[in-house]
Amino acid sequence: MSLVRVRGLLKSVELPDGSMLEILRGIDLDVEAASRVTIVGRSGSGKSTLLNVLGLLDTPTEGVHEFDGVEVGRGGSLRRDRMRGESVGFVFQQFNLLQGRTALENVEVPLLYATGRAFWARRRLALEMLDRVGLADRADTQPHRLSGGEQQRVAIARALVRSPRLILADEPTGALDVDTGRVVMELLETVAADTGAALVTITHDAAVAARADVVHRIDHGLIVDAADTVGAAADPVVSA
């Protein structure tokens, strides 16, 4: 059974003139546990909207969305928020770290919403995750004093500190140079593999896409090509 299963996923928004803009127009997608999936496509094709729906940050207008066999739409927003907090980790292109807080405090943030042992052990767990990404010695450093690669590693530690089953990475190397981007992807893949999490990445970068097990191309809100091998990824990827 797929970890994530969507069928006929539609997402529309109303424009100021009252007309409807269709962003997703009937997405069918399966994400297996522990798999590495990349979604490529031009800007405005619907990639980020799809990622937000998969990550339970947004809701579809129509369609079936199941997470681990449970239909996400049933149970209301509180249930969806709980599922997201327990099972989904996000890594963003612009890092989205909290300024004025140390690296350790940033990684602790998701654990503030945990319960029981995870909540009370949040400092230790955050420090262990920082150590895992090679930044234990930077725990007390604020984001503005970290390099881009270090900031992204803090963001990865924050995304993984609750051991999510689904990791969603939105252009995780887009703000990094080539060598740092490669190191970040290797780190992300290693930690995901160690925890058995599925990793879904959206990217414009052919090198990042080529690392995936499965590559999907999205165009005008539809998945128009799916490849079982990564070799088909290079052509659809465009520069940012």
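Select Arg5 and Glu66. Their side chains meet in a salt bridge, at 3.6 Å from N to O. This is a predicted model. Now colour the strands. Arg5 sits in strand S1 (residues 4–14) and Glu66 in strand S4 (residues 62–67), so the pair links distant parts of the chain, 61 residues apart. Arg5 is partly exposed, with a relative accessible area of 30%.

Why can such side chains pair? Side chains of opposite charge can do so when their charged atoms come close.

Next, select Asp213 and Arg36. Here is another salt bridge, 3.5 Å from N to O. Asp213 lies in the loop between helix H8 (206–209) and strand S9 (214–219). Arg36 belongs to strand S3 (residues 36–40). The pair therefore ties together parts that are 177 residues apart in sequence.

Arg36, Glu189, Arg211 and Asp213 are linked in a network of salt bridges.

Now move to Arg122 and Glu108. Their side chains meet in a salt bridge at 3.7 Å, N to O. Look for two helices: Arg122 is in H5 (residues 122–132), and Glu108 is in H3 (residues 103–108). The pair ties together parts that are 14 residues apart in sequence. Check the surface again. Arg122 is partly exposed, with a relative accessible area of 22%. Glu108 has 12% relative accessibility, so Glu108 counts as buried, which means under 20%.

How many salt bridges are there? The count comes to 14.

Note on methods
Residues numbered from 1 in each chain as written. Predicted model: local features only at pLDDT ≥ 70, side-chain atom pairs only at ≥ 80, totals over all residues. Heavy atoms only, no water. Salt bridge = Lys/Arg side-chain N within 4 Å of Asp/Glu carboxyl O. Helix = DSSP H or I, 4+ residues; strand = E, 2+ residues; numbered from the N terminus. Buried < 20%, exposed > 50% of the residue type's maximum accessible area, 1.4 Å probe, protein only.
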